[in-house]
Amino acid sequence: MTRPVVLVAEELAPSALALLGDEFEVRHVDGADRAALLPALRDADAVIVRSATTIDAEALTAAPRLKVVARAGIGLDNVDVPAATKAGVMVVNAPQSNVISAAEHAIALLLAVARKVPQADASLKQGNWQRSKYTGTELAGKTAGVVGLGRIGVLVAQRLSAFGMRLVAYDPYVPAGRAAQMGVRLLPLDDLLRESDVVTIHLPKTKETAGLIGERELALTKPGVILVNAARGGLVDEHALAQALKDGRVGGAGVDVFSTEPCTDSPLFAFDNVVVTPHLGASTTEAQDKAGTAVARSVRLALSGEFVPDAVNVQAAGVIAEEIRPALPLVEKLGQILTGLAEGLVANVTVEVRGEIAVHDVNVLRLAALKGVFGPVVEEPVTYVNAPLFAEDRGVTVDLTTSDESPDYRNLLTLRGTLGSGEQVSVSGTLIGPRQVERLTEVDGFDVDLTPTDHLAFFRYHDRPGVVGAVGGILGDAAVNIASMQVSRTQQGGDALMALTVDTAIPEEALRRIAEAVGAHSARGVDLLTT
């Protein structure tokens, strides 16, 4: 059996490579060498990058088998996420991998600036003992302004609190109550700049945050303020900061990130009271190890068809409860059966979730349903990533209803589809026992108890004698072996449904003959796709 190919485009921690194991064929390429990267992508099922490799539309086009792009780090500036989404390629990163390292580096820059550590170090190594020249500033009792109370900002605030600093913060998306629990007072940005002795920035770079701290903002700061940016280049106008340093408005700065990187020439380099580092926030052994192992786990999940919590371009991304995971493949199969019963796309899909799992966040089941619904009817591979795009392009809506009441089953999952004519089709399923065995429980209102195997068939007809024999005879003539058969009916002599599992797909001619022989008003063969 051919093993999935994982292309490692940049250096990865040995622990991450070990985690991939023997189940994958791991290949290596220099991702910064475009001429080598593009042909190497041709056979890749997954590619793991850091910051030097660009995965854009051209690279995605060169990778017809690609299922996942994994960035061993937080930022995704080098990955074209919209293009990947359109191609159905999952994009994952390692959002928690470097938060501690980044927070600690911000603190290191602050202390280095406040206590003039690099300058004193360089002077002493040159043979100078100049204690008075390098008198520093205590942090205790000062006010620290944290711009951005995300994961890293919170860690920085906690560490600054331990120094005995008063904490204020600017973050329009954080409730005041949550900030208060951390001992942080929320302020508008201008007020924070006016009050703070230290300003440390911890925001992502977006259209809204680019150039957030410029000439106007720096003019509002306390004289002698220390500014730290270990977040993203471009959040602070470097030329405006250089001017503020020259004017004495800013007393010192710690800078780890720059508008253009690599950066070897900046106006900030001319100032003795500026400590600079070459984007070292995530450069610890621990952070690199965490980033590599995190994306290796995500690659394993993605290539095994499981849901990936760290996917950034999946609408229901997030932590999926363990109770929900076994339901994902079942709902996908229900979606395929729904499309088979409808003999094409339905205009609307309703996903009904009943029972114990309804107390969890089950939004991901909408994606599983769409993945199943579109799998049999579109040529492109359908994934959790692009299934919503297929639905949007074709005007298919999907609704979700939940109830913790399920009288007959511990959990019951139902998909209902509405055709353009207004006719409805439905299929239900459940998971049984400790092994979570899949069962179909209902088809178009008829009760069944059937395992959803690769090949199914459903016949709707008016109940009468001789149907079972007729169906068996025609399938025998077509060399199709019946694995199981059930007949369900509303009442004797009323409407009936025959449901079968068979060993091979039923030819269209055999379906037509069965429909004629038993007077069936619906004869559907459904072949489930493997994903």
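Colleague: Which hand does the crossing of H14 and H15 have?

Modeller: Left-handed, that is, the near helix is turned anticlockwise from the far one by less than a right angle (clockwise would be right-handed). Helices here are DSSP runs of H or I with at least four residues, strands are E runs of at least two, and both are numbered from the N terminus.

Colleague: And which residues meet there?

Modeller: From H14, Leu367, Leu370, Lys371 and Phe374; from H15, Ala387, Pro388, Phe390, Ala391 and Arg394. Contact means heavy atoms within 4.5 Å.

Colleague: Before I go on, what kind of model is this?

Modeller: A predicted one: local features need pLDDT of at least 70, side-chain atom pairs count only at pLDDT 80 or more, and totals for chains, interfaces and linings use all residues. Residues are numbered from 1 along each chain as its sequence is written, and side-chain values use heavy atoms, with hydrogens and water left out.

Colleague: New topic. Is His105 buried or exposed?

Modeller: His105 counts as buried, because its relative accessibility is 14%; buried means under 20% relative accessible area, exposed over 50%, partly exposed in between (1.4 Å probe, protein chains only).

Colleague: Where is His105 found, and what does it touch?

Modeller: His105 is in helix H5, residues 99-114. Leaving out residues up to four places away in sequence, His105 touches Asp256, Thr277, Leu280 and Gly281.

Colleague: How many helices and strands does the chain have?

Modeller: There are 17 helices and 22 strands. The C-alpha atoms fill a box of roughly 105 × 50 × 40 Å along the principal axes.
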